Amino acid sequence: MPDLKDFKTRLKIANSKIKKNLQSNNSNNGSFMGFALKLGTELVAAVVVGTIIGFILDTWFDTKPWLIIIFFFIGSAAGMLNVIRTAKRIQEKD
Amino acid sequence: MATNPMHQFSVYRLGPEIKIAGIDLSFTNASLFMVISASLICLILFLGTKEKNIVPSKIQLISEIFYNFIAKMISETAGSKAKPYFPFIFSLFMFVLFCNMVGMLPYSFTVTSHIIVTLLLAIFIFIAVTVIGFVKHGFGYLKLFVPSGVPTLLLPLITVIEIISYLSRPVSLSVRLFANMMAGHTMLKVFGGFVISLGLLGGWLPLGFSVALTGLEILVAFLQAYVFAILTCIYLNDALNLHH
């Protein structure tokens, strides 16, 4: 049957193509872009959360404005930590 | 009214007002579009899994692609231990994706452009991941906040930083999705307004921009759903395998 033979060769070609793609395309580009988009908000979110925590603690302990200042800086540090961690994750994928 | 670019985000009541224990539970346009997205997902997956052919039909192919995509993502980012959470991540991804995509249709409403929707999703994920972490590791899960190899003098400061970093997860997760969707849709509307106000002479340039931006927005709609799902996987990975 010529049809079946034709199908077999086509299957072989398709399989080898898939193998090639798998080897060359191990790291997919979609997740790269996802991680890159993640960086900006990651930094801002930690600063916001730190400042909010500082504000809440300030109203609790009546120490305005000291804790909000301290927690703003701690929040910034946490934001940078987040960014460094995400960047490391991108490098690991590389 | 029509020229206000923020008008598209207004939520209004459809049908009668329903109040239970002082809380407004009326059916709004936001609820309508959530129902539309959810039923679209159900319809596609129902039609896709009805006939199981070896050579798939188009709709079967679509649902199989979705399945493979999420299954691959989970096994790559969170490992085999995360397999039991597949249904949750799959429905999360599909819901966000379809809400974004339905929002791209003219005259529709984008549910994910409201922070309350995305924040609630993110807080639910945050609480679920924390509970999973404590169930799997007991109080050992708190080791996440105390990295090893840190001098004792710096330990309190590092712990506070780690806790803030952990608490910032739901904020960054929800703000990213909400801000991207809202900014994109506002921009589309603003450029649409330019086309009208510049008229037949100068309106062609913003029209071209509008077309290009629509393409970009469809990419963003998919990408944000993907990022939302993959970050859930990463957080799940932290909770299951207990390392950064």
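Student: Which residues does Ser113(B) touch, not counting residues up to four places away in sequence?

Tutor: First, the ground rules: this is a predicted model, where local features need pLDDT of at least 70, side-chain atom pairs count only at pLDDT 80 or more, and totals for chains, interfaces and linings use all residues. Residues are numbered from 1 along each chain as its sequence is written, chains are lettered from A and ligands numbered from 1 in the order in which they are written, and side-chain values use heavy atoms, with hydrogens and water left out.

Now your serine. Leaving out residues up to four places away in sequence, Ser113(B) touches Phe9(B), Phe178(B), Met181(B) and Met182(B), a contact being heavy atoms within 4.5 Å. Ser113(B) sits in the loop between α3 and α4 of chain B; helices here are DSSP runs of H or I with at least four residues, strands are runs of E with at least two, and both are numbered from the N terminus. Ser113(B) has a relative accessible area of 2%, so it counts as buried (buried is under 20% relative accessible area, exposed over 50%, partly exposed in between, with a 1.4 Å probe and protein chains only). A polar atom of its side chain lies 2.8 Å from the backbone oxygen of Thr110(B).

After α4(B) comes Gly138(B), with a positive phi near 65°.

A straight helix of 48 residues would span 70 Å, but α5(B), residues 155–202, spans only 62 Å between its end C-alpha atoms. It bends by about 55° at Ile196(B), the bend being the angle between axes fitted to the seven residues ending there and the seven starting there.

Back to Val129(B): this residue is among those with the most contacts inside the largest nonpolar core, which has 46 residues. Such a core is a set of buried Ala, Val, Leu, Ile, Met, Phe, Trp, Tyr and Cys residues joined through side-chain atoms within 4.5 Å. The elements giving this core two or more residues are α1, α2, α3, α4, α5 and α6 of chain B, and α6(B) gives the most, with 14 residues. Met73(B), another of the residues with the most contacts there, touches Ile89(B), Tyr226(B), Ala229(B), Ile230(B) and Cys233(B), not counting residues up to four places away in sequence.

That last name brings up the cysteines. Cys233(B) is buried at 0% relative accessible area, but its sulfur is 19 Å from the closest cysteine sulfur, in Cys99(B), too far for a bond. Over all chains the disulfide count comes to zero, a disulfide being a pair of cysteine sulfur atoms within 2.5 Å. Cys42(B) is in no disulfide either, with the sulfur of Cys99(B) as the nearest at 12 Å, and at 54% relative accessibility Cys42(B) is exposed.

How values were computed: Expected span 1.5 Å × (residues − 1). Polar contact = N/O pair within 3.5 Å; in protein donor to acceptor, adjacent residues only side chain to side chain.
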